[in-house]
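Hello,

Please find the structure below. My notes on its aromatic rings follow.

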Amino acid sequence: MIYALVGLRGSIALLLKFAILGATDALLIWIISVALGKNSIILAVVLIAATAALNITYLVKGAVPLKFLIVGILFFSIFVVTPTGYTIIMSGFNYKTGNEIDKPSAIAGVLANGLSTDESGTAYDMFLGKTPSGQWAAILEDQVTHSVVFATTDGVQPIGESEITRNSDGIITAANGIKQLSQDEQATADSEITTLRFPLGDNYFASPQGAEVALRMTQVMSYDKTSDTFTNSQTGEVFVDNGKGNFANKADLAQVLDPGWRSFSAFDNYKQLIMDKKVRDPFIGVFVWTIAFAFLSVGTTFAVGMLLALALQNQLRFRRFYRGFLILPYAIPSFMSILIWRGLFNKDYGAINHLLHTHIGWFDGPWTARAAVILVNLWLGFPYMYLISSGALQSIPSELEEAASIDGATGKQAFIAVKLPLLVQILGPLLISSFAFNFNNFNIIYLLTGGGPTDESTGAIAGATDILISYAYKTAFGSTFQNLGLSSAISMMMFFIVGTLSMYTLKKSRVLETL
Amino acid sequence: MSNTVGVRNLWRHVLALILVFFTAFPIYVVIMTSLDPTGGIASDSWLPVKFSFSNYTKLFTDPRIPYLSWMRNSLIIASATAVTSVMIGAASAFAFSRMRFKGRKIGLQALLLVQVFPSFLSLSAIYVIMERIYLVVPALGLGSIWGLYLIYIGGAMGINAWLLKGFLDTIPMELDESARIDGASVPQIYWLIFFPLASPVLAVTAVLSFIGTFNEFVLASLFLQDVDKRTVAVGLQQFVGGQYEQVWGPFAAGSIIASIPLVIIFLSMQRYIIGGLTAGAIKG
């Protein structure tokens, strides 16, 4: 009864529902219309689907669970599932610097690169314009022999000196049959001009380099559509699709044409991680350190946090102060603490060198840098471990300890034999999730050391403190070379490891059984 | 008697004091640095030689440092994300905890697995999506805090639904059964029974989400390029993250001011947050 009075029911609730749904619809439809107006078809389709899903869910009776889930599902699909799927797909592609575009663009790129001047590098002074019928045309004067021809995109014809007007410097200023472009026309047609080709015969053509000079060139690389090959007309070399996103020389497959395209490569990225020494060795180094880092982080923070929980479990003077003060690192925004620690470790003015009266470049040596990372993570992490340990300590019945002491165990023995195993068992799931968190703890590495020190002389990407996630980040978004395919493969490996761990934890804690 | 107790407790004090020193060290240095008018990180002396608030006033007066905008951006985006993600998370958790439907189990497992995926490596895909949105609605796309907000709440369901479901599961089924007998509809059960009962947990979830968003650095630094639109995290990082020029004074002052609201929120909700942290452990 009471619910009929207090609850949102009847016409008011209905009105409210329609008002909210209507406003959302209006907003979405407005965005869809803008998207259609700007030819953003994919976005429009996604939004139309989302709008339809929303309206069906809330207007059709039944499907109550969906009414609670739909908004979350929509956001989750667009911003989490889609990018994740994209990463998974990319791990099967050869997608790196030099192989970023699709195949047709790559073919166009190779054609553009496959031009060559003739042996003597013949150049022409050019008087460029259009014929009365609007066709591109030019008077070309060989810079060495000074022979003059009239060229159109159909070919060349000889032209007499009488049909040309020159100024006092000998530069052509007018010619019969050609109307010069105005400055404005020239500026707008700039990109068109550079793609013009005036055939000269013998497979050669004049290619304008700007508006006043042309070069005698030939297309050395020619593409044959039916056989999908490139042929170098000068050397006779044939280049075939190597199936890995490049055209490679048939005789010497290591010689590939630039640019390539992003091509499907199945498990090549994974194979590289396991087989290619240049990729594998840094990967294994990073992998080992990632495991060590995660273990050491959990180990040190748990040891300190547990000790502190034991120290503060009984009445103690200043206990409140200790408690309140020692959880501060957990409350302070971590990105700030990490950056502050970065300053403290500075070689020249850092407070740590000042305190120790040393002059050590902590982040210059691999081992000091690693130690610094662990120390800073201890600072950040021990309060959390303290909090969960003291919670767990309180949950262990004191009878256990009493029983142990009646059986003649000392306090220490009772703790080690009875309490500690119990604590680890209770805290197990949290320790594992802490391990998983540190496994992917990008911020501390990126903000503290940037993954360094890196041995730059070898051109290595991975630094001594890089963990998998920062290594994958550098691989994908590095400043000089980017390999999105490989990076995605690394991500998949991490996903596999952390996912297995999480599923194991859940199985262990029997969460999945109670679903 | 009291003496032996004192000796027995000695190690406790020693340990606690060592940790107090460890904890205090960077905090002390950052406070000193913020008061040092020369702008370097406190170096020559452990006691302040010169004392000035110039670093603090600089934050609010120097036109090149739009600190107030950064703070405002961070607070807006963190609050909006916290509220929205709790709303989405609570509704999802309610459905997963209280209803039986097709795909429920798979849905829960999928949520968990996708959440474990190192998601920011799909940055390039997110970037492409945001670029498309930017071309259509600039206010929601690349470079705007509302675009970033969309990305943040994209993950909300995965993080919060599991957390909140665990709590909702502890509320006895009899409660909603009796409400249903009294004639309550599902939305009424949700809004009038669960929401009030779960409000402490919802508050904790909101605070954790607020802190998480406030701390988020990678996405924010990639997506917010304009100086005015940055969050505090990105803005302050620029002072000291660079290779060459490092300006520690304003950074320290800015960090202290930015930390204060978070520390206050955290300490005032400490009891609940700790309850939330340990609940999972004790139950397992």
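**Aromatic rings**

Over all chains, the structure holds 43 aromatic pairs; rings of Phe, Tyr and Trp (its six-membered ring) pair if their centres lie within 6.5 Å, and planes under 30 degrees apart count as stacked, over 60 as edge-to-face and the rest as tilted. One of them is the edge-to-face pair of Tyr446(A) and Tyr473(A), at 5.6 Å centre to centre with 80 degrees between the planes. This pair links distant parts of chain A, 27 residues apart: Tyr446(A) is in helix α17 (residues 442-448) and Tyr473(A) in helix α18 (residues 468-477). Helices are DSSP runs (H or I, at least four residues), numbered from the N terminus.

The model is predicted: local features need pLDDT of at least 70, side-chain atom pairs count only at pLDDT 80 or more, and totals for chains, interfaces and linings use all residues. Residues are numbered from 1 along each chain as its sequence is written, chains are lettered from A and ligands numbered from 1 in the order in which they are written, and side-chain values use heavy atoms, with hydrogens and water left out.

Tyr446(A) is partly exposed at 32% relative accessibility, while Tyr473(A) is buried at 13% (buried means under 20% relative accessible area, exposed over 50%, partly exposed in between; 1.4 Å probe, protein chains only).

Ring pairs also join residues of both chains into a cluster: Trp341(A), Phe345(A), Trp362(A), Phe363(A), Trp379(A), Phe382(A), Phe21(B), Phe22(B) and Phe25(B).

Regards

Definitions and conventions: Helix = DSSP H or I, 4+ residues; strand = E, 2+ residues; numbered from the N terminus.
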